[in-house]
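Visitor: I would like to learn how to read side-chain features in a structure, one at a time. Could we begin with burial and go on from there?

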Amino acid sequence: MSKYRIEDYLALCALTYFDINNYQKGMRIFDFINECLMKTDNLSVFFKNMLHYLNEFDLSVFENLNIVDYMNDNQKSGIVYYCFEDNEDCYVLFRGSELYDPMVYENGWQDWIDNLEIFLGITKQQLIAYDYFKRIHTDKKIHLIGHSKGGNLALFIGVVCNEKRFSQIEEIVMFNAPQLNGIDMYENRIHDKRLIDKIISIENEIDIISSLFESIKKPIYIVSNYQGNQGIDFYSSHQIWGFKIENNELIECDSKRNMKFIKQLNQTIQENQKKWLIQQFYKLSKNKELLKRIQESIERWVIQNEKNQ
């Protein structure tokens with residue numbers, strides 16, 4: 001049984017969206033937490049919301065965790081990876097997708113290109129994440145955790161890793177994660193009861209992204225902090241702060257609101273149409289000035305809607 005609750009893992013996922021400015025192997029996670037909480041200047045709405053939401057959690061439970069590995073390849077592949085350990089367990093987390101970076105116009109959209117490639121099968125980020133996972137040298141129990149694309153990477157690793165590593169994996173925890181497309185490719189592991197027992201999938205009741213593909217295991221549904229009456233609600237409900245939490249506990253509900261049409265839409269789009277859409281996005285990603293304007297428009301849209309709520 002894990003020493004941490006689902007709420008604790010959600011807090012760790014929130015922390016993974018912050019860079020570690022002065023990483024030292026074995027540093028206390030408390031030093032990283034304090035660094036995050038002290039970030040107050042020139043923050044985007046995204047990070048302001050994340051910091052505000054972190055106040056809902058009891059972060060003192062992480063007093064025995066140290067950061068034993070950290071890799072930030074945001075400028076190239078888009079992968080950001082964290083490895084925390086205590087005396088008994090190893091916690092591997094991957095950051096989810098990010099928007100186009102408004103300060104350094106070189107990174108951000110590759111996450112979304114990779115997300116589109118999920119519709120076609122195995123992606124570049126999945127292979128890179130697995131390669132980093134293979135480099136972890138530990139005999140401890142391993143917990144794979146991630147929000148959004150980070151959860152997808154965690155699940156992919158659990159499905160494709162060798163039997164020795166699979167036996168080390170204690171659990172695979174995903175928050176609002178798109179699962180695997182073309183699950184028949186993974187049939188040797190996907191129907192393994194041991195895998196199903198390890199999976200914990202948490203989904204916001206109105207999140208669209210986690211409804212894109214068939215779930216390997218029935219998710220746990222959480223009440224949204226948003227009503228779903230306008231577009232911004234679906235964006236916000238996918239984010240970590242979209243989960244309703246009271247007294248440091250997530251509030252469960254029985255099911256998602258009607259998201260069947262999302263899966264049906266995915267099933268009706270032909271493979272050649274998916275490839276065409278991805279090609280168009282590739283072309284878009286080369287136009288840096290256009291991406292900058294899109295990012296600025298998204299920021300204005302989010303800020304305006306946050307003010308109206």
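Guide: This is a predicted model. Let us start with burial: a residue under 20% relative accessible area is called buried, and because the value for Arg 189 is 10%, that residue counts as buried.

Visitor: With which residue does Arg 189 form a salt bridge, and where in the chain do the two partners lie?

Guide: Arg 189 forms one with Glu 163, where the closest N and O atoms are 3.8 Å apart. The pair links distant parts of the chain, since Arg 189 belongs to helix H8 (residues 187-190) and Glu 163 to helix H7 (residues 163-168), 26 residues apart. Glu 163, at 42% relative accessibility, counts as partly exposed.

Visitor: Over the face of which ring does Arg 189 lie?

Guide: Arg 189 lies over the face of Phe 166, at 4.0 Å from the ring centre. A second case is Arg 165, which lies over the face of Phe 133 at 5.0 Å from the ring centre.

Visitor: How many salt bridges does a search of the whole structure find?

Guide: The search finds 17 salt bridges. One of them joins Glu 88 to Lys 3, with 3.6 Å between the closest N and O atoms. Here too distant parts of the chain are linked, as Glu 88 sits in the loop between strand E3 (79-85) and strand E4 (89-94), while Lys 3 sits in the segment before H1, 85 residues apart. Glu 88 is exposed at 52% relative accessibility, whereas Lys 3, with a relative accessible area of 42%, is partly exposed.

Visitor: Is Asp 8 buried or exposed, and with which residues is it in contact beyond its neighbours in sequence?

Guide: Asp 8, which lies in helix H1 (residues 6-15), is buried, with a relative accessible area of 5%. Leaving aside neighbours within four places in sequence, Asp 8 is in contact with Val 61 and Phe 62.

Visitor: How many aromatic pairs are there?

Guide: The count comes to 16 aromatic pairs. Phe 46 and Phe 47 form one that is edge-to-face, with 5.1 Å centre to centre and 85° between the planes. Phe 46 counts as buried at 18% relative accessibility, whereas Phe 47 counts as partly exposed at 23%.

Visitor: Finally, with which strands does E7 pair?

Guide: To read strand pairing, one looks at the sense and at the bridges. Strand E6 (residues 169-175) pairs with E7 in the parallel sense over 4 bridges, and Val 173 stands opposite Ile 200 in E7. E7 also pairs with strand E8 (residues 220-222), in the parallel sense over 3 bridges, where Ile 220 in E8 is the bridge partner of Ile 202. Strand E7 (residues 199-204) is mostly covered, with 5 of its 6 residues buried.

Note on methods: Residues numbered from 1 in each chain as written. Predicted model: local features only at pLDDT ≥ 70, side-chain atom pairs only at ≥ 80, totals over all residues. Heavy atoms only, no water. Buried < 20%, exposed > 50% of the residue type's maximum accessible area, 1.4 Å probe, protein only. Helix = DSSP H or I, 4+ residues; strand = E, 2+ residues; numbered from the N terminus. Pairing = 2+ DSSP bridges. Contact = heavy atoms within 4.5 Å. Phe/Tyr/Trp six-rings, centres within 6.5 Å; stacked < 30°, edge-to-face > 60°. Lys NZ or Arg CZ within 6 Å of the ring centre and 35° of its normal. Salt bridge = Lys/Arg side-chain N within 4 Å of Asp/Glu carboxyl O.
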